[in-house]
Amino acid sequence: MTDPKDSTAAKPATAPHSTKIHIIEDAEATGETAAVYDEWRAATGRTQVPGILKCFGARPDFLREVMQFSNTVHFSEGHLSRRYKEMIASYVSYLNRCPY
């Protein structure tokens, strides 16, 4: 049995992340948000919209701009390849303990 005061006690591996931003999940999306989510799925071939995009679900007009910006800057080839940009973004998210 572990001592509850022991700070080295194992923490649950699947602790839920809490955010201050209301995330509109795929199943909750309606209207324009659902349309933008569907556009993203059609463009990427993926089935689930990533959390970082869901952060903007309350503002589908802005979400479209974020997606366009991301496609232009983040996902285009340039000085760094997309692969390296993705690795950097993943590592920064990890360092920041970002749940998105």
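**Stop 1: Asp26 and Lys54**

Select Asp26 and Lys54. Their side chains form a salt bridge, with the closest N and O atoms 2.9 Å apart. Asp26 sits in the segment before H1 and Lys54 in helix H2, so this pair ties together parts that are 28 residues apart in sequence. Keep in mind that you are looking at a predicted model.

Glu25 lies in the segment before helix H1 (31-44) and Lys54 in helix H2 (residues 51-54), so the pair ties together parts 29 residues apart in sequence.

Is Lys54 buried or exposed? Lys54 is buried, because its relative accessible area is 4% and the cut-off for buried is under 20%. Glu25 is partly exposed, with a relative accessible area of 34%.

**Stop 2: Glu39 and Arg64**

Move to Glu39 and Arg64. Their side chains meet in a salt bridge at 2.5 Å, N to O. This pair links distant parts of the chain: Glu39 is in helix H1 and Arg64 in helix H3 (residues 60-74), 25 residues apart. Both ends are partly exposed: Glu39 has a relative accessible area of 37%, and Arg64 has 30%.

Next, select Glu25, Asp26, Asp38, Arg41 and Lys54 together. Salt bridges that share partners join these residues into one network. How many salt bridges are there by this rule? The count comes to eight.

**Stop 3: the fold**

Zoom out and colour by secondary structure. The protein has four helices and zero strands. From the N terminus on, the elements run α-α-α-α. Of the 100 residues, 21% count as buried. Among contacts with a separation of 6 or more, 43% are between residues 24 or more positions apart.

**Stop 4: the nonpolar core**

Which residues make up the largest nonpolar core? Select Ile24, Ala29, Ala34, Val36, Tyr37, Trp40, Val49, Leu53, Leu63, Val66 and Met67: these are its 11 residues. H1 and H3 are the elements that give two or more residues to this core. The largest share, four residues, comes from H1. In soluble globular proteins, nonpolar side chains tend to be buried together.

Stay on Ile24 and show its contacts. Leaving out residues up to four places away in sequence, Ile24 touches Ala29, Thr33, Tyr37, Lys54, Gly57 and Ala58. Lys54 is the buried residue from the first stop. Gly57 comes next.

**Stop 5: Gly57**

Select Gly57. Where is Gly57 found? Gly57 is in the loop between H2 and H3. Gly57 counts as buried, because its relative accessibility is 0%. With residues up to four places away in sequence not counted, Gly57 touches Ile24, Thr33, Tyr37 and Leu63. Of these, Ile24, Tyr37 and Leu63 are listed in the largest nonpolar core.

Now draw a distance from Gly57 to Asp26. The two are 31 residues apart in sequence and 9.6 Å apart in space, C-alpha to C-alpha.

**Stop 6: the aromatic pairs**

A search of the whole structure finds two aromatic pairs. For one of them, select Phe56 and Phe62. Their ring centres are 5.4 Å apart and their planes lie at 65°, so the pair is edge-to-face. The cut-off for edge-to-face is over 60 degrees.

Phe56 counts as partly exposed at 26% relative accessibility. Phe62 is also partly exposed, with a relative accessible area of 34%.

**Stop 7: the largest pocket**

Finish with a surface view. The largest pocket has a volume of about 760 Å³. Which residues lie nearest its centre? Select Ile52, Ser70, His74, Phe75 and Glu86: they lie nearest the centre, within a lining of 22 residues. The elements that give two or more residues to this lining are H1, H2, H3 and helix H4 (82-95). H3 gives the most, with six residues.

Definitions and conventions: Residues are numbered from 1 along each chain as its sequence is written. This is a predicted model: local features need pLDDT of at least 70, side-chain atom pairs count only at pLDDT 80 or more; totals for chains, interfaces and linings use all residues. Side-chain values use heavy atoms; hydrogens and water are left out. Rings of Phe, Tyr and Trp (its six-membered ring) pair if their centres lie within 6.5 Å; planes under 30 degrees apart count as stacked, over 60 as edge-to-face and the rest as tilted. Buried means under 20% relative accessible area, exposed over 50%, partly exposed in between (1.4 Å probe, protein chains only). A salt bridge is a side-chain nitrogen of Lys or Arg within 4 Å of a carboxyl oxygen of Asp or Glu. A nonpolar core is a set of buried Ala, Val, Leu, Ile, Met, Phe, Trp, Tyr and Cys residues joined through side-chain atoms within 4.5 Å. Contact means heavy atoms within 4.5 Å. On a 1 Å grid over the protein atoms alone, a cavity is a set of points where a 1.4 Å probe fits but cannot get out, and a pocket is an open set with protein on both sides within 12 Å along at least five of seven lines; lining residues have an atom within 4 Å of a point. Grid points are joined across faces, edges and corners, and a volume is the space filled by probe spheres set on the points.
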